[in-house]
Amino acid sequence: MEEEIFEQRTDLSKLNHAVEHIKATLAKIIVGQHETIDLIIAGILADGHILIEGVPGVAKTLTAKLVAKAIDAKYSRVQFTPDLMPSDILGTPVFNPKTTQFEFKHGPIFGNIILIDEINRAPAKTQSALFEVMEERQLTIDGTSYKMDEPFMVLATQNPIEQEGTYRLPEAQLDRFLFKIEIKYPTLEEEILIITQQHQKKNTEQLSHIKPVLSSQEVVDLREQVRGFHVEPKILEFTARIITETRNHKSLYLGGSPRASLAVVSAAKAIAAIKGRDFITPDDVLQVTPAVLRHRIMLTPDKEMEGVTPDDVIAQIIQKIEVPR
Amino acid sequence: MTRYLRRYFLLWLLLALELNTSATGNKPAVLHKDSAAVTVKAFDTKTLKKYAEDEDFAYVKEKKEQPSAWNRFWMWLWALIIYAISNTFLGSVIFKYLLPGLALAGLIYVIMKAAGMDVAALFSRKAKKSDIPYYESLENIHEIDFDSEINNAIAQYNYRLAVRLLYLKCLKQLSDRELIKWQIDKTNSAYYYELSNPAQREMFGALTRRFEYVWYGDFGINEHIFNDINRMFGEFKQQLP
């Protein structure tokens with residue numbers, strides 16, 4: 001309707017088609033979880049890494065695998081274990097007796113979409129190996145820098161830290177994830193549908209038939225388009241107010257970084273794109289704020305003991321800030 | 001014969017014991033005299049007296065500080081109050097019931113606080129929304145003279161601002177009719193979902209999209225488009241009860 005009134009500024013038809021295609025592909029296997037799927041697509045469009053958290057058995061890995069399958073790109077999977085070493089992920093120089101030279105053997109991180117399963121089962125030493133590659137999209141080993149191919153995206157799954165045999169991820173690493181998406185248990189209706197599909201063997205058959213719907217180059221092009229979306233200064237101020245408030249809130253020991261502000265705006269642009277707009281509204285900002293902030297803020301010990309969650313504090317903060325209108 | 005043998009055996013036994021004692025016996029220890037000179041040292045009585053009189057070393061004695069005039073006043077006041085209430089009927093009631101009651105309430109409060117329970121919520125009928133005050137709202141829609149502001153914006157050909165004012169006016173109309181609850185933290189979609197009438201909701205949704213395209217999207221707007229949007233706002237107002 002708006003296209004008839006307002007002159008079209010950006011051609012979003014390709015983007016809308018791609019988004020609908022990915023959603024339809026994921027919906028064949030994944031029951032419900034519409035918000036999760038929207039955020040994952042937003043993460044792809046916003047050029048961000050995604051951390052998916054949930055208790056065992058809620059299809060975290062399956063969701064991440066499907067997203068990776070939907071994009072025609074080099075896909076690697078690393079299962080994080082307590083004895084995993086940085087060189088197991090990054091690669092290592094190996095001596096070649098024929099040439100009498102050391103040759104760098106690329107690790108599984110050299111790919112486009114990297115699925116790190118159960119990321120918090122590896123200790124901090126291994127996690128630290130990912131810092132440079134996640135932020136700068138490059139690796140430096142033995143004085144040589146290796147650029148990652150575009151697109152480069154880390155999709156990680158983790159169990160809640162209360163689970164046995166898990167480590168808390170370093171704050172510096174958490175800050176490098178655009179979103180932390182929490183997958184909850186399905187509703188009763190969704191659970192029945194999951195069992196029914198499994199019983200009819202629909203899932204297993206369809207999983208093998210999933211075909212890529214986007215090429216690597218298309219992902220790069222769509223990201224470029226989304227990056228150029230219009231943002232009103234009052235929305236930027238609104239975002240900055242939210243993030244600044246996290247630094248002054250009495251329940252928080254650590255607030256959001258400037259990287260969090262940038263992440264909110266990038267993610268809001270991607271959400272606007274999914275909704276078919278080339279500009280962002282306060283609704284877009286508020287939709288992505290919990291997923292952007294929940295892993296970047298730290299509660300004070302007393303609030304943590306009282307059972308307050310980061311999402312509770314984010315809701316309180318949002319309640320304080322006037323929506324620009 | 002046996003008697004002689006017994007005598008010889010005893011003689012031999014005594015001889016053997018004597019010989020054994022002589023073979024294993026040690027020489028007696030010789031105690032040498034200590035020839036070192038011993039100097040007897042005496043404590044300096046003056047120094048001892050000096051330390052004995054020093055207050056820093058008077059561990060047994062407690063220093064008694066005289067209370068200040070201010071503290072003496074409070075001691076006197078409390079003594080007066082206690083005397084007054086302990087010698088009246090009210091005072092006996094306070095001592096017998098009120099103070100133990102307060103102590104019990106304090107104990108319960110501490111236990112509840114330690115357990116992380118919301119004590120204030122127990123005595124409040126309304127659900128606790130937020131313990132954080134709102135920021136001062138930049139604009140209060142109930143204080144804006146919309147008609148004159150909209151006319152000013154149209155007169156200056158500032159249609160973008162005029163659409164914004166029309167939208168705020170629309171929110172005020174909905175708030176006045178109690179169809180929505182105006183709050184600074186609510187987004188347009190929050191108001192959209194607050195409307196229960198489907199026809200109103202649909203119309204409001206269309207108006208919201210136009211407002212968002214103009215205000216947040218910075219889409220160009222001319223007089224023709226503005227008139228169209230203005231007419232829609234007018235029609236929406238007609239729908240309201």
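The legends below accompany several close-up views of a predicted model.

**View 1. Helices H12 and H14 of chain A pack against each other.**
Helix H12 of chain A, residues 233–248, and helix H14 of chain A, residues 282–293, have axes that come within 11 Å and cross at roughly 30°. Because angles under 35 degrees count as roughly parallel, H12(A) is described as roughly parallel to H14(A). The crossing of H12(A) and H14(A) is right-handed. On the H12(A) side, the residues that meet H14(A) are Ile235(A), Phe238(A), Thr239(A), Ile242(A) and Thr246(A), and their counterparts in H14(A) are Pro282(A), Val285(A), Thr289(A) and Leu293(A). An α-helix has 3.6 residues a turn, so residues three or four places apart point the same way.

Ile243(A) is found in helix H12 of chain A, and it counts as buried because 24 C-beta neighbours lie inside 10 Å, where 20 or more is the requirement. When neighbours within four places in sequence are left aside, the contacts of Ile243(A) are with Gly256(A), Ala260(A) and Ser261(A). Asp278(A), by comparison, is 35 residues apart from Ile243(A) along the chain, and the C-alpha atoms of these two residues are separated by 23 Å.

**View 2. The contact between chain A and chain B, seen from the elements of chain A.**
The contact between the two chains takes 25 residues from chain A and 25 residues from chain B. On the side of chain A that touches chain B, helix H1 (2–5), H14 and helix H16 (310–320) each supply at least two residues. Of the elements of chain A, H16(A) gives the most to this side, with four residues. H14(A), which takes part here, is also the helix that packs against H12(A) in the view described above.

What sets apart the backbone of Glu118(A) and of Asp142(A)? Phi of Glu118(A) is near 55°, a positive value in a residue other than glycine, and Asp142(A) likewise has a positive phi of about 55° although it is not a glycine. Glu118(A) is found in the loop between strand S6 (113–117) and helix H6 (124–128) of chain A, whereas Asp142(A) lies in the loop between strand S7 (138–141) and S8 of chain A. Are these residues buried or exposed? Glu118(A) is buried, because 20 other C-beta atoms lie within 10 Å, while Asp142(A) is exposed, with 8 other C-beta atoms within 10 Å. A further feature is the peptide bond from Glu150(A) to Pro151(A), which is cis, with omega near -10°. Pro151(A) lies in the loop between strand S8 (144–147) and strand S9 (153–158) of chain A.

**View 3. Helix H9 of chain A.**
Helix H9 of chain A, residues 188–199, has twelve residues and reaches 16 Å from its first C-alpha to its last, close to the 16 Å expected at 1.5 Å a residue. Of these twelve residues the number buried is zero, so H9(A) lies largely in the open.

Chain B has ten helices and zero strands, and buried residues make up 12% of its 241 residues. Among the contacts in chain B with a separation of 6 or more, 52% are accounted for by residues 24 or more positions apart. Helix H3 of chain B, residues 69–86, and helix H4 of chain B, residues 89–114, pack at an angle of about 100°, with their axes 6 Å apart, and H3(B) and H4(B) are therefore roughly perpendicular to each other. The contact is made by Ala84(B), Ile85(B) and Ser86(B) of H3(B) and by Leu90(B), Gly91(B), Ile94(B) and Phe95(B) of H4(B). An unreviewed UniProt entry places the feature "transmembrane region" at residues 73–95 and 102–123 of chain B. In the model, the span of residues 73–95 of chain B is 91% helix and 0% strand, and its end C-alpha atoms lie 23 Å apart. The UniProt annotation "domain: Protein-glutamine gamma-glutamyltransferase-like C-terminal", also from an unreviewed entry, covers residues 166–223 of chain B. Residues 166–223 of chain B are 64% helix and 0% strand, and the end C-alpha atoms of this span lie 15 Å apart.

Terms used
Residues numbered from 1 in each chain as written. Chains lettered and ligands numbered in written order. Predicted model: local features only at pLDDT ≥ 70, side-chain atom pairs only at ≥ 80, totals over all residues. Expected span 1.5 Å × (residues − 1). UniProt positions renumbered as here; feature names shortened; annotations may be inferred. Axes fitted to C-alpha atoms, helices over the stretch in contact; angles between N-to-C directions. Parallel < 35°, antiparallel > 145°, perpendicular 65-115°, else oblique. Left-handed = near helix turned anticlockwise from the far one by under 90°. Contact = placed C-beta atoms within 7 Å.
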